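Please look through the structure before reading these comments.

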Amino acid sequence: MHAALDEVLSLEVAAGRRPPTLRIWEWDTTAVVLGVFQSVRNEVDLEAARRLGVTLTRRITGGGAMFIEGGSIITYSLYAPGTLVADMSLADSYAFLDDWVLKALQSLGVAAFYKPLNDISSDKGKIGGAAQKRFANVPRDGGQTVLHHVTMAYDMDADKMLQVLRIGREKLSDKGTTSAAKRVDPLRSQTGLPREVIIERMKETFVQLHGGQPGHITPEECAAADELVRTKFGTEAWLYRLP
């Protein structure tokens, strides 16, 4: 549903039916979210995923697979006119669209910075990663828009991630993380704050810098996303589009 909403809201901004929007959203399950160009077999241990009850889904942006647990991450999406980044390189647009969240984290004492191409990092290591898709001259809507979304770790079970994500084993092995009790917790350990407090500071910072007011997803947008789940994002053809 979240992957479908990213597509629907991007197209609504492109059509001018929705203003530029920041969406901070929640997961109610443990999941692996694959990039659009990734192979399930290469990235995921399917037996471990089934054993641990991990849902698999695929988003419309590129980048790497993300391991997600409810309440353990902070995820947001930005939907903005394509003209906002039209004259920027990909690297510059990542830095530009994540600058507000760096300021929010810095205000909480995190020495956060942008690390090309698509990482949010700190002096204590990686915090999160971004992915992006530019919709140019959308045929049915005639507009342009950019979808930019980020997943940041608050407090994650590294042992479970290692069991499910094949690439995760290599990455954590490189860092010398071998204990099953280890957790990936950059935002919790670096701020000492509840996750909800960090999210609230993000909202406050964004509004201070760029304005905005609380909004909602319309019934029509929900219905369109439901239909996309049925015909695209919830299908095996989409999930296993690459072997």
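The points below cover a sheet, a helix and some salt bridges.

1. Ground rules. This is a predicted model, where local features need pLDDT of at least 70, side-chain atom pairs count only at pLDDT 80 or more, and totals for chains, interfaces and linings use all residues. Residues are numbered from 1 along each chain as its sequence is written, and side-chain values use heavy atoms, with hydrogens and water left out.

2. The sheet. Helices (H or I, at least four residues) and strands (E, at least two) are DSSP runs, numbered from the N terminus. Three strands make an open sheet in the order E3-E2-E4. The pairing is mixed. Two strands count as paired if DSSP finds at least two bridges between them. Strand E3 (55–58) and strand E4 (66–68) are the edge strands, and each pairs on one side only. From one strand to the next, the twist averages 20°. Angles like this run from 0 to 180 degrees between N-to-C directions, with axes fitted as lines to C-alpha atoms.

3. Strand E2 (residues 31–34) and E4 run antiparallel, joined by three bridges. Val 32 stands opposite Phe 67 in E4. In general, strands of a sheet pair through backbone hydrogen bonds, either parallel or antiparallel.

4. A residue in E3. Is Thr 57 buried or exposed? Buried means under 20% relative accessible area, exposed means over 50%, and partly exposed lies in between (1.4 Å probe, protein chains only). Thr 57 lies in strand E3. Thr 57 counts as buried because its relative accessibility is 15%. Contact means heavy atoms within 4.5 Å. Leaving out residues up to four places away in sequence, Thr 57 touches Trp 27, Val 32, Val 33, Leu 34, Phe 233 and Leu 239.

5. Helix H8. This helix (residues 195–210) has 16 residues. From first C-alpha to last, H8 reaches 23 Å, close to the 22 Å expected at 1.5 Å a residue. The expected span is 1.5 Å times one less than the number of residues. After H8 comes Gly 211, whose phi is positive, near 75°.

6. Which residues of H8 are buried? They are Arg 195, Ile 198, Ile 199, Met 202, Thr 205 and Phe 206. They cover an arc of only 125° around the axis, so they sit on the same side of H8. The arc is that of the directions from the helix axis to the C-beta atoms. Glu 196 and Gln 208 are exposed on the other side of H8. The cover over the buried residues includes strand E1 (21–25), strand E5 (73–81), helix H4 (90–107), strand E9 (145–153) and helix H7 (186–191).

7. Salt bridges. A salt bridge is a side-chain nitrogen of Lys or Arg within 4 Å of a carboxyl oxygen of Asp or Glu. The count comes to twelve. One of them joins Arg 17 and Glu 12, at 2.8 Å from N to O. Arg 17 counts as exposed, at 54% relative accessibility. Glu 12 counts as buried, at 16%.

8. Glu 221 forms a salt bridge with Arg 18, with the closest N and O atoms 2.7 Å apart. The pair links distant parts of the chain, 203 residues apart. Glu 221 is in helix H9 (residues 219–233), and Arg 18 is in the loop between helix H1 (2–15) and E1. Both Glu 221 and Arg 18 are buried.
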